[in-house]
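My notes follow in the order I went through them.

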Amino acid sequence: MFCYQCQETAKGKGCEIQGVCGKKPETSTRMDQLLYIIRGMAIVNRILREKGVADCNASHFIIDALFTTITNANFDNAMLDGFIDKGLEMKNELIGTAKKRGITLPYMPEVSYHITKENYGRLEVVEAGGALDEEIFSVLHDKKEDIRGLKQLAIYGCKGMAAYARHALNLGYEQEDIYAVIENALAEISRPDMSVDELFSLVLAVGDGGVKAMALLDKANTSTYGNPEITKVNIGVGKRPGILISGHDLKDLEELLIQSDGKGVDIYTHSEMLPAQSYPFFKKFPHFAGNYGNAWWKQIDEFETFNGMFLFTSNCIVPPRPKTTYTDRVYTTGVVGMPGTHHIPEGSDGRKDFSEIIERAQKCQPPTEIEHGEIVAGFAHNQVLALAPRVIELVKSGKIRKFVVMAGCDGRFPSRSYYTEFAEKLPKDCVILTAGCAKYRYNKLPLGEIEGVPRVLDAGQCNDSYSLVVIAMALKDALGLKSVNDLPIVYNIAWYEQKAVIVLLALLSLGVRNIHTGPTLPAYFTPDILKVLREKFNIGTISTVDDDIANLIDTW
Ligand code: FS2
Ligand code: SF4
């Protein structure tokens, strides 16, 4: 196996024996095979789109296949086998459609690729267009590191974009131009003659698609559930048994809340589901009790004390330890899979039946309290823009000197204590704008307010980084500036998985410069890729807290 898609990749270079995340080689290989199959599908569907006959079911499958290969989403080989079966079947159907219409398809191994079941998850021998190729679907198949890095950067951006597109689709919102960006990227990276310059342009086009996907998901979420509003979220526990819901999918949360209403159980959000606490629709449910625990990676300890049931609607799920007590109480849904847990499929009517998890929860002990008190959430664009006159006044009077965007992901690296220290040492006239699970490094610190404006404004999930862009654009206009780069905003973004990649690419496509990202740079940023990113966007990484505060706050 070879995988270097996340920040925790082995030795900062690539996981080759087993994933640091727990992904096994045979799982990783299945994911590579699946991605190769959807590249073939994308090539054909792109041609069908040019003729006005693209298959939207194929587009839906492609986004799900990308989403399920995202870090910490699927560890289940049987589920991935189902994806490969379906992908091969759909690819053949697309080829059949093209043939029926008299469309000549290019000879490309991605299109003709076939694999028989006994070779799922096996690297050794793969039939590829009649020839045998050991690693045609592997990341390492591209021998030039810059080309490989840029192609993977495009794929990782597509993975993040696909996740957002799926959450929007679950609420009935979709845009063909987003699918077109993804399929175009997958088709283009299959071209053997892509140059570095062409790949850079492609990566920025993926970023542009990311802006569209985040805007669409924002529209889907706010049209369905209302605009997030300032909300005090309980981080303690009640006396009834609980179901903890993790991940990002608000439709799943809606169905769970409706089906569990009046059943004697409480629903708690976890990690990236915390922002749901601020939506008017969800706040109406009396059994929507609060948020339990912290960022995703602490689940293996915090789930032991929750005592109830667990529902994962997207990443990040962590493989439970062998002796853990909660594995059998974990349910997954959507593209998430974990051996030893239970999966709730979507019914033929598009609904999900959560009755089993609710009935089992009724027999559980209430959660054990691990924290108590409240945190404040709900600073998405609508709420912040409602405060805009006040905020602008504070900026103009110098009482707010800088905004620091600290969006992104949290992770296990001890060096991520940097972000806690950075928030603590940040001068008192600076405000943090956050989104994503990175916030857990500082959202419970007593950082105070600036004349009624909290010093941590939490816009929501990682996809709500879109809100931060809307806020930045509005501030730029209100302050009469020409560019977002003229604003008193600096970007110190933490990354872990591929949703942070699409957020980064989205910001770059909008022309945002001077982004600092850490705790380490992606392994696929070769020295040459980094050189170009520095020249074009002045991207940098982090140093020490004191140096970075001096550089980012005091000199910028
Ligand atoms: Fe955090 Fe994990 Fe949100 Fe990422 S819960 S690292 O998926 O997408 O962020
Ligand atoms: Fe390694 Fe990250 Fe890939 Fe898991 S997702 S195998 S930790 S690079």
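**Sheet with β15 and β18.** I started with an open sheet of six parallel strands in the order β15-β12-β11-β16-β17-β18. For the labels, helices (H or I, at least four residues) and strands (E, at least two) are DSSP runs numbered from the N terminus. Two strands count as paired if DSSP finds at least two bridges between them. β15 (456-458) and β18 (540-541) are the edge strands, each with a single partner, so one side of each has no neighbour in the sheet. I then checked β12 (residues 430-434), which pairs with β15 in the parallel sense over three bridges. In that pairing I432 stands opposite V456 of β15.

**Ground rules.** This is a predicted model, so I kept in mind that local features need pLDDT of at least 70 and side-chain atom pairs count only at pLDDT 80 or more, while totals for chains, interfaces and linings use all residues. Residues are numbered from 1 along each chain as its sequence is written, chains are lettered from A and ligands numbered from 1 in the order in which they are written, and side-chain values use heavy atoms, with hydrogens and water left out.

**Sheet with β6 and β9.** Next I looked at another open sheet, six strands with parallel pairing in the order β6-β5-β4-β7-β8-β9. Here β6 (288-291) and β9 (342-344) are at the edges with a single partner strand each, so one side of each is left without a neighbour in the sheet. The twist averages 25° from one strand to the next; angles run from 0 to 180 degrees between N-to-C directions, and axes are lines fitted to C-alpha atoms, for helices over the stretch in contact. β4 (residues 242-246) and β7 (residues 309-312) pair in the parallel sense over four bridges, and S246 has F312 of β7 as its bridge partner.

Which helices lie on this sheet? I found α10 (residues 299-306) across β4, β5 (266-269) and β7, running at about 140° to β7. I also found α11 (residues 355-362) packed on the sheet, touching β4, β7, β8 (330-333) and β9, at about 155° to β7. Contact here means heavy atoms within 4.5 Å.

**Ligand 1.** What surrounds ligand 1? I listed H248, S271, E272, W296, N315, C316, C409, C437, C462, Y496, E497 and K499, where a residue is near if one of its heavy atoms lies within 4 Å. By class, this shell has six nonpolar, three polar and three charged residues. My classes: Ala, Val, Leu, Ile, Met, Phe, Trp, Tyr, Cys and Pro are nonpolar, Asp, Glu, Lys and Arg are charged, and the others, Gly among them, are polar.

I went after polar contacts too, meaning a pair of N or O atoms within 3.5 Å; within protein, one must be able to donate a hydrogen and the other to accept it, and residues adjacent in sequence count only if both atoms are side-chain atoms. An N or O atom in the H248 side chain sits 2.9 Å from an oxygen of ligand 1. For the N315 side chain I also noted 2.9 Å to an oxygen of ligand 1. For a polar side-chain atom of E497, the distance to a ligand 1 oxygen is 3.4 Å.

**Ligand 2.** Around ligand 2 I found M1, C3, Y4, Q5, C6, T9, C15, G19, V20, C21, K23 and T71. That shell divides into seven nonpolar, four polar and one charged.

Most residues other than glycine have a negative phi, and most peptide bonds are trans. I noted a cis bond joining N315 and C316, with omega about 25°; C316 is in the loop between β7 and β8. The G518 to P519 bond is also cis, omega near 10°, and P519 is in the loop between β17 (515-518) and α17 (527-537). N72, not a glycine, has a positive phi of about 60°.
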